[in-house]
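Here is a friendly walk through one protein fold, meant to be read with the model open beside you. Keep the viewer handy as the headings go by.

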Amino acid sequence: HERRKNGTVDRKTDELEKKKVKEIIAIGETKEKIKQHFASYKKVTEVKTMDEAVEIALTNGCKGDTVLLSPACKSFDMFDSFEHRGMEFKKSVNKLN
């Protein structure tokens with residue numbers, strides 16, 4: 001997602017999400033802000049962990065859907081870096097097998 005320095009969402013991001021995204025699964029300290037922004041036109045589910053996020057994506061998704069890890073903002077409350085966040089996402093996905 002493209003975010004401006006003041007935390008608002010870029011208009012292009014809004015349009016893409018309106019057209020292409022089925023559901024937003026929000027985690028971390030900004031999940032309430034994410035929900036407030038998108039809930040008027042998109043299903044938003046709040047969870048506490050990456051494992052929960054991946055499980056919800058699996059449960060709510062359909063065959064052929066794509067699950068995209070797309071951070072809306074920094075997540076230092078949960079992860080040390082974007083690499084750490086990506087590794088945790090992979091671990092959560094691999095636990096499903």
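## Contacts and ground rules

Two residues are in contact when they have heavy atoms within 4.5 Å of each other. Among the contacts in the protein with a separation of 6 or more, 44% are made by residues 24 or more positions apart.

This is a predicted model, in which local features need pLDDT of at least 70 and side-chain atom pairs count only at pLDDT 80 or more, while totals for chains, interfaces and linings use all residues. Residues are numbered from 1 along each chain as its sequence is written, and side-chain values use heavy atoms, with hydrogens and water left out.

## The overall fold

The protein has four helices and two strands, and along the sequence they follow the pattern α-β-α-β-α-α. Helices (H or I, at least four residues) and strands (E, at least two) are DSSP runs, numbered from the N terminus.

Burial is the other thing to have in mind: a residue is buried under 20% relative accessible area, exposed over 50% and partly exposed in between, using a 1.4 Å probe and protein chains only. Of the 97 residues in the protein, 29% are buried.

Strand β1 (residues 23-26) pairs with strand β2 (residues 43-46) in the parallel sense, over four bridges; for strands to pair, DSSP must find at least two bridges between them. If you start from I25, its bridge partner in β2 is T45.

Together, β1, helix α2 (residues 31-38) and β2 make a right-handed β-α-β unit. Right-handed here means that, with the strands pointing away from the viewer, the path from the first strand over the helix to the second runs clockwise.

## Nonpolar cores

In soluble globular proteins, nonpolar side chains tend to be buried together. A nonpolar core is a set of buried Ala, Val, Leu, Ile, Met, Phe, Trp, Tyr and Cys residues joined through side-chain atoms within 4.5 Å. Which residues form the largest nonpolar core? There are seven of them: I27, V47, M50, A53, V54, F79 and F89. Helix α3 (residues 50-60) gives this core its largest share, three residues. A second, separate core has six residues, including I24, A26, I34 and A72.

Apart from neighbours within four places in sequence, M50 is in contact with I27, L69, M78, F79, R85, E88, F89 and S92.

## Links from the later helices

A57 lies in helix α3 and counts as buried because its relative accessibility is 14%. Setting aside neighbours within four places in sequence, A57 is in contact with I25 and V67. A57 and I25 are 32 residues apart in sequence, with their C-alpha atoms 7.7 Å apart in space.

V93 sits in helix α4 and is partly exposed, at a relative accessible area of 32%.

## Salt bridges

How many salt bridges does a search of the whole structure find? The search finds five, taking a salt bridge as a side-chain nitrogen of Lys or Arg within 4 Å of a carboxyl oxygen of Asp or Glu. One of them joins D65 and K22, whose closest N and O atoms are 2.7 Å apart. This pair links distant parts of the chain, 43 residues apart: D65 is in the loop between α3 and α4 (82-94), and K22 is in the loop between α1 (11-20) and β1. D65 is partly exposed, with a relative accessible area of 35%.

E23 and K43 form another salt bridge, 3.9 Å from N to O, which connects strand β1 to strand β2 across 20 residues. E23 counts as buried at 19% relative accessibility, whereas K43 is partly exposed at 48%. In helix α4, K91 and E88 meet in a salt bridge of 3.2 Å, N to O; because they are three residues apart in the helix, about one helical turn separates them. K91 is partly exposed at 46%, and E88 is partly exposed at 22%.

## An aromatic pair

Rings of Phe, Tyr and Trp (its six-membered ring) pair if their centres lie within 6.5 Å; planes under 30 degrees apart count as stacked, over 60 as edge-to-face and the rest as tilted. This rule gives one aromatic pair. F38 and Y41 form it edge-to-face, 6.1 Å centre to centre with 75° between the planes. F38 is buried at 1% relative accessibility, while Y41 is partly exposed at 27%.
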